[in-house]
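My notes follow the display.

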2 protein chains.
Amino acid sequence: MILQHIYDIASVCAAHGIESAIISPGSRSAALTLAFVRHPEIETKIIPDERSAAFIAMGMAQQQNKPVALICTSGSAAYNYAPAIAEAFYQEIPLLILTADRPPEWTNQYDGQTIQQSNIYGKHVLASYDLPVEVNHEDAKWHCNRIVNEAINASIGRKGPVHINVPIREPFYPDSNELVNFPEVRVIKNTPFQGNIHLAQWMSLGKKWQNHTRKAIVLGQMEYSKPLHTALYRFAEKAGIPIIADVISNQHDLPGVISNQDSFLNPQLNTINRELAPTLLITLGKSLISKNLKLYLRNNPPTEHWHISSSEKLNDSLQHLTELIKIDPEIFFGEFVQHVDGKGSFSYLNQWQQVNQVVETAKASFIKMKKFSEFQAFNAVLNVVPNKAKLHFANSMAIRYANIIGAPKNKQVEIFANRGTSGIDGSNSTAVGAALSQKSPVVLFTGDMAFFYDRNAFWHNYNLKNLRVIVFNNHGGGIFRMIDGPKRQPELEEYFETKQKLNAENTAKDFGFEYHCCSNLKDLKDYLEAFFTTSKNAKILEIQTNSERNTEVFAEYKRAILEAFKA
Amino acid sequence: MILQHIYDIASVCAAHGIESAIISPGSRSAALTLAFVRHPEIETKIIPDERSAAFIAMGMAQQQNKPVALICTSGSAAYNYAPAIAEAFYQEIPLLILTADRPPEWTNQYDGQTIQQSNIYGKHVLASYDLPVEVNHEDAKWHCNRIVNEAINASIGRKGPVHINVPIREPFYPDSNELVNFPEVRVIKNTPFQGNIHLAQWMSLGKKWQNHTRKAIVLGQMEYSKPLHTALYRFAEKAGIPIIADVISNQHDLPGVISNQDSFLNPQLNTINRELAPTLLITLGKSLISKNLKLYLRNNPPTEHWHISSSEKLNDSLQHLTELIKIDPEIFFGEFVQHVDGKGSFSYLNQWQQVNQVVETAKASFIKMKKFSEFQAFNAVLNVVPNKAKLHFANSMAIRYANIIGAPKNKQVEIFANRGTSGIDGSNSTAVGAALSQKSPVVLFTGDMAFFYDRNAFWHNYNLKNLRVIVFNNHGGGIFRMIDGPKRQPELEEYFETKQKLNAENTAKDFGFEYHCCSNLKDLKDYLEAFFTTSKNAKILEIQTNSERNTEVFAEYKRAILEAFKA
């Protein structure tokens, strides 16, 4: 078989546990398509728009916690993957990208669907390979096999996207009487090194720990992990220190967790909150959402800041990092708890919990106000999401509302948002990927800009009955009205907020989704129960609000918090 | 003004004659947005989806024959431009890409909307620059100005996209009482060298010319140019040689031009067509569409092949290039006509014209057949397009039908297709760009896959009354049923043809376009006149056909041509 080395890619993938491939249509890529479609251990789906395909694959990989293969034809198809690849790179989600290509002699010859695909994703993949074009010599066969093994190991071990460019000469298709076979292939497994720290170093960290009374843990974006949850809980309980968790850290069910930091770390509350600054800060996870939290920690720097991560990437976004401790956070807290005395400064913990509670109470009474806006609507929906739902939030205002209002507690929900690059380009598709790869309900909270940007997420033939989409439609990028700079410019409406006229109804019709539209709180509350009942296909709930009103209510919320602290 | 160096970019652009900027919403890019919006000599439009924005800008630049500026915020926004940039690179269309960025110290710090933007478009831009971050020193100011001048000169002079990455620190917005000023800026103009050839070289080429009796000119993709048209006409008339023009060469109105090569260069007609092979082949332009023409010229190589181009790129796609003559084709034919005797081999020209005429006659009678299919529908619409229309063709079958059926003659239409990379990703947007930048009617012929892929082309607030879109909806990628390999595979429908269910009606509703659907020839012909009448907004005509039927008819066409030559 001329293309056996292509068919073998699917076998190596399956041997490494890859279960799914997302394919976009193409002829150059036919051998890759057939290899994955015919391989008995891999499930494939076809998605026409490559931009959506890549975000869908990422959403699936996030749920499966293993690479999903992405297959496209040559030419600009490959470039349409790029936004999702950047997101996967920063969110550390494994992906195996297989781009069919023309052989190199055809590059720049004005022949169809040929661009310069080698290393096309630049620094946004962990590794990038070109498969050999001619695979006759035994060494070339060995090379092919090694590349695929190496790429998958990098993607799994270091968590992120890897790219194999696959040049293919005609003929692309087997004859109709020719079978595609999957003989046994060599598999090189990577046993990841489970690092620990030398006892002397633990002791030294323990000593440093004792030098501080004001110690806090801050959690950035993380997937939910039960063992880490347990380790953090035990640690905090013994050490008596505050754990400050943005909503994307997925630790909202941790008892006593601090979650209202975005509200009380407002610079206007400086006289109260400057008492809260830790001298020893421990961070884990990736990005933080709360701008107030980030500014607060930059402006009130700890004397020591340890970042705990099994990756070597240096994340100094709070600008005062003193120690990068390269260890799995679960192991860190599991072990370090032994080196920590039980005499945490509970009064310091209490300070944090008190201000957190002030916001909690003020928020509860604020939310009762009658004015209908995104804030009220967001809260109403969040309160009734199903248990164990996967909650996806688009960027801009959706994820900000979630961080302020907070995840519903004790419902075992998980929170997802594309905070790797914080783009608005792929949130529908990421949620679709989640819905396609597991059975729990997936609830997407999105604004109208992100929703319409990525409508091709739904353009395929796969059932999405476990998907619920809530479109907060204020007919533009409402965030621009909320931030100070643009709202002062005469160009606000046309060039920043970007008024747009679409409603989601026709989109729902196009894809056969149930559709309901609300523009007041009573209608919304009356409908929500029906919205979350099971159905044969996805449902879209469109919540129409007024952008000026939303801005007013958001400002009122901020004032209410200030008032609560004055009282 | 802290951001004066940003505002000055708009001034330099205006001084170089740039008239238009396409902006996507963003905060990091606010200073760029304000600079271009407020500059009195530049017209701006805002397009939310960056993928469409870039193809729209490309469509505008193609009409204006000068760079259009593209402005986006930081992060994955920049990557959404990439497909259009690759297309512009290969189609040689000028574009000035301005991506706002975070300053370099914020890269890889898990802070919002930050990816690695330097050189992000790799080899698909002519040049790539990073603007300095701090512009206090006079040398830094000089550097900024020089970069912008150099980038624009490269884009104009060498025709293609250039990228300036623009890191910007906060504050992004001027105070409300702060004016954005446009003081005079330094402009470095580039006087392009109008090359000619030394007389001795002309003589030498003339001598070589005389050694051949079988000489032909083959035209690849070119924009329409009246002077080149005239030069080609005079040359061909004197030299008496065949000019073989794919539809994208825009020379369909050249008297005696050969346009049916895709039909008669069928390998099954080898006994007839092997007599046609030239010994001296002269080519100009970029890509060829006709696969039969390319294979024919590769398999029947000329002893000499001259490619005439003012660019230095080596295009050897016919595999037997002997001479790259670096000169503007218009100058070449204008001068070379003096070195060519009038004794062209008219019998050789006649051979070509005869076979071309056999196809012309067979096609005319084939088209009368009653079976309704894309072929008939395509022909019916092409016959009645308005004079001076800009005809845009999506990739896959749309442009292939156009090349086989041929452009309508003597209507002064111009033909556009994204044959730089031959992607299906941006054909709506390119046509929208053409409609937005001039007043002639723009008619887009597209299949359903390309149409739905790029619906965001219409998602903005600008009027498109001169746009007509004909969607040939066969509910999938019909081309896969027509080519040999995939049609033999059991995966044909699901994985190659990719059956899709959408109709264009809801899309038309969403954007307030007139919509009409036809599924037989009578309805179509009855409606066409109304379709091309003026209106307040764009119109969509959806032509529903059956994919199996289209494949049958296409095969029947091929058989009819074979029969015509047997007769």
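**Ground rules**

I am working with a predicted model, in which local features need pLDDT of at least 70, side-chain atom pairs count only at pLDDT 80 or more, and totals for chains, interfaces and linings use all residues. Residues are numbered from 1 along each chain as its sequence is written, chains are lettered from A and ligands numbered from 1 in the order written, and side-chain values use heavy atoms, with hydrogens and water left out.

**Entry 1: cis peptide bonds**

Most peptide bonds are trans. I looked for exceptions. In chain A, the bond from A:E170 to A:P171 is cis, with omega near 0 degrees. I placed A:P171 in the loop between β6 (161-167) and α7 (199-210) of chain A. Helices here are DSSP runs of H or I of at least four residues, strands are runs of E of at least two, and both are numbered from the N terminus.

Then I turned to chain B. B:E170 and B:P171 are joined by a cis peptide bond, with omega about 0 degrees. B:P171 sits in the loop between β6 (161-167) and α7 (199-210) of chain B.

**Entry 2: positive phi**

Most residues other than glycine have a negative phi. A:N410 is not a glycine, yet its phi is positive, about 55 degrees. I found A:N410 in the loop between α15 (397-405) and β13 (414-417) of chain A.

Is A:N410 buried or exposed? A:N410 counts as exposed because its relative accessibility is 64%. My cut-offs are under 20% relative accessible area for buried, over 50% for exposed and partly exposed in between, with a 1.4 Å probe and protein chains only.

In chain B I noted B:Q412, which is not a glycine and has a positive phi near 55 degrees. B:Q412 lies in the loop between α15 (397-405) and β13 (414-417) of chain B. B:Q412 is exposed, at 53% relative accessible area.

**Entry 3: annotated domain**

An unreviewed UniProt entry gives "domain: Thiamine pyrophosphate enzyme TPP-binding" for residues 420-535 of chain A. UniProt positions follow the numbering used here, feature names are shortened, and annotations may be inferred rather than shown by experiment. I looked up this span: 42% is helix, 16% is strand, and its end C-alpha atoms lie 32 Å apart.

**Entry 4: surroundings of A:I18**

A:I18 is in the loop between α1 (4-15) and β1 (20-23) of chain A. A:I18 counts as buried, at 2% relative accessibility. Which residues does A:I18 contact, leaving aside neighbours within four places in sequence? They include A:C13, A:E41, A:K66, A:L96 and A:I152; contact means heavy atoms within 4.5 Å. A:I152 is 134 residues from A:I18 in sequence, with 9.1 Å between their C-alpha atoms.
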